[in-house]
Protein chains: 2
Amino acid sequence: MRSVTISREFGSGGRELGKHLARLLGYDYYDREIITAIAEQNGLNEGYVEMALEKWDWQAMPLTFGRSFAGINGMQQMQTNLLVVQKRVVEGIAKTGKDCVIVGRNADVLLADKEPFRIFVCASMDAKVRRCMERAPEGEDISRKETEQNIRRIDKSRAKTREILGGGKWGEANAYHLIVNTEGWDMEELASAVAGFVLRWYGR
Amino acid sequence: MRSVTISREFGSGGRELGKHLARLLGYDYYDREIITAIAEQNGLNEGYVEMALEKWDWQAMPLTFGRSFAGINGMQQMQTNLLVVQKRVVEGIAKTGKDCVIVGRNADVLLADKEPFRIFVCASMDAKVRRCMERAPEGEDISRKETEQNIRRIDKSRAKTREILGGGKWGEANAYHLIVNTEGWDMEELASAVAGFVLRWYGR
């Protein structure tokens, strides 16, 4: 099985890149589908699952999965459970044996034994803020400053989740095969360049 | 002018990648040629120039090019001068107007106004140590531990030099267009993949 995982800074366009990449490679694509599966398996609302997995206040939690969960309240217990379910869902994707692109969910850490091609997607803060503001829902009037704060907060949470799951440092060169900066690229062009990279990796 | 700059962790194979890349793209290649030019222009020995530019004890130096160099001793004055000469040599390469690949020398910072395609090359410490030990001169018996210490020391110096020259943080995702991990790659294959990237970037 050939798998490509995409970790990304919020607002960098990693999801768009991943979709183009999956189409170009003819691989299955997973992103929100994972959230949907977790929600279904637990009789939970998708929005709740997403919030619990993305917006956890990691500050309040011990940084390792220790033997004891004393002191972790109900919400945190639920979140820990969701991480376990998420792991099972991602492993289920791998079990289909079909080539795939997975965006987010620390899939590179969860599927480490499958040796996925690990991509990290970044962009300058300016580019990310621009992208987020362009894509804000009609009528949602978020300032530049708030947008930047959101980006930092979400990325901090992503880095913490990765740390908890035991992955290499989030966004650090050596934790990935390839880091691409989306700034200045047409996303389809970039996806073609990345696809060339992936095909060479698997063809070597 | 199309230019590609390669910053690299010591032992990651950035130079080898750069050579293949220049050949594949048909671009001029610069690396040690810059040291040679600096040495010639200053009537200095190449080994001395290299040592002064790579192995500076940056700890002992103020971190900005301030107005006053009080307290900087003769050696440091020489090193500062060499950085200025280096800048002139690198700018001279750009003035030829010919497409080029430049390895090291913080060329991406020095040529920022030419908007080069900035690549950073990395590998795991294990892979770098292996590479260095394989390439150690016959009879030079350096231990694994010493090799690792050398790598860390040289990379620390490279990061500091970049900081002094005012570049983005060395090795940090957002400071580059592309970060490639050489581990597991045949270097020619990797160079082909990177060449595809560069050509798409300049063709966009």
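This is a predicted model: local features need pLDDT of at least 70, side-chain atom pairs count only at pLDDT 80 or more; totals for chains, interfaces and linings use all residues.
Biologist: What makes Ile119(B) count as buried?

Modeller: A residue is buried if 20 or more other C-beta atoms lie within 10 Å of its own. Ile119(B) has 25 C-beta neighbours inside 10 Å, so it counts as buried. Ile119(B) sits in strand β4 of chain B.

Biologist: Which residues are in contact with Ile119(B), leaving aside neighbours within four places in sequence?

Modeller: Contact requires C-beta atoms within 7 Å. With those neighbours left aside, the partners of Ile119(B) are Val4(B), Thr5(B), Ile6(B), Tyr176(B), His177(B), Leu178(B), Val180(B) and Val194(B). Val194(B) in turn is in contact with Leu17(B), Leu21(B), Ile119(B) and Val180(B), again leaving aside its neighbours within four places in sequence.

Biologist: Which residues have the most contacts inside the largest nonpolar core?

Modeller: They are Val194(A) and Val194(B), in a core of 91 residues. Val194(A) is also among the buried residues of α8(A), which include Leu190(A), Phe197(A) and Val198(A). The buried residues of α8(A) pack against β1, α1, β4 and β5 of chain A, together with α8 of chain B.

Biologist: How do you know that the span of α8(A) is close to the expected one?

Modeller: The expected value takes 1.5 Å a residue and comes to 24 Å for this helix of 17 residues. From its first C-alpha to its last, α8(A) reaches 24 Å, close to that expectation.

Biologist: What makes β5(A) and β5(B) a pair of strands?

Modeller: Two strands pair if DSSP finds at least two bridges between them. Strand β5 of chain A and β5(B) have three bridges, in the antiparallel sense, and are therefore paired. Ile179(A) has Ile179(B) as its bridge partner.

Biologist: Why are the two copies said to be related as by a two-fold rotation axis?

Modeller: Chain B superposes on chain A by a rotation of 180 degrees with 0.0 Å of shift along the axis, at an RMSD of 0.0 Å. The copies are thus related as by a two-fold rotation axis. The same surface serves both copies, as 100% of the contact residues of chain B recur in chain A. Within chain B, the residue that comes closest to the axis is Ile179(B), with its C-alpha at 2.4 Å.

Key
Residues are numbered from 1 along each chain as its sequence is written. Chains are lettered from A and ligands numbered from 1 in the order in which they are written. Helices (H or I, at least four residues) and strands (E, at least two) are DSSP runs, numbered from the N terminus. Copies are superposed by least squares on the C-alpha atoms of residues with pLDDT of at least 70 in both. Two residues are in contact if their C-beta atoms, placed from the backbone, lie within 7 Å. The expected span of a helix is 1.5 Å times one less than its number of residues. A residue is buried if 20 or more other C-beta atoms lie within 10 Å of its own, exposed if 12 or fewer, and partly exposed in between; C-beta atoms are placed from the backbone. A nonpolar core is a set of buried Ala, Val, Leu, Ile, Met, Phe, Trp, Tyr and Cys residues joined through C-beta atoms within 7 Å.
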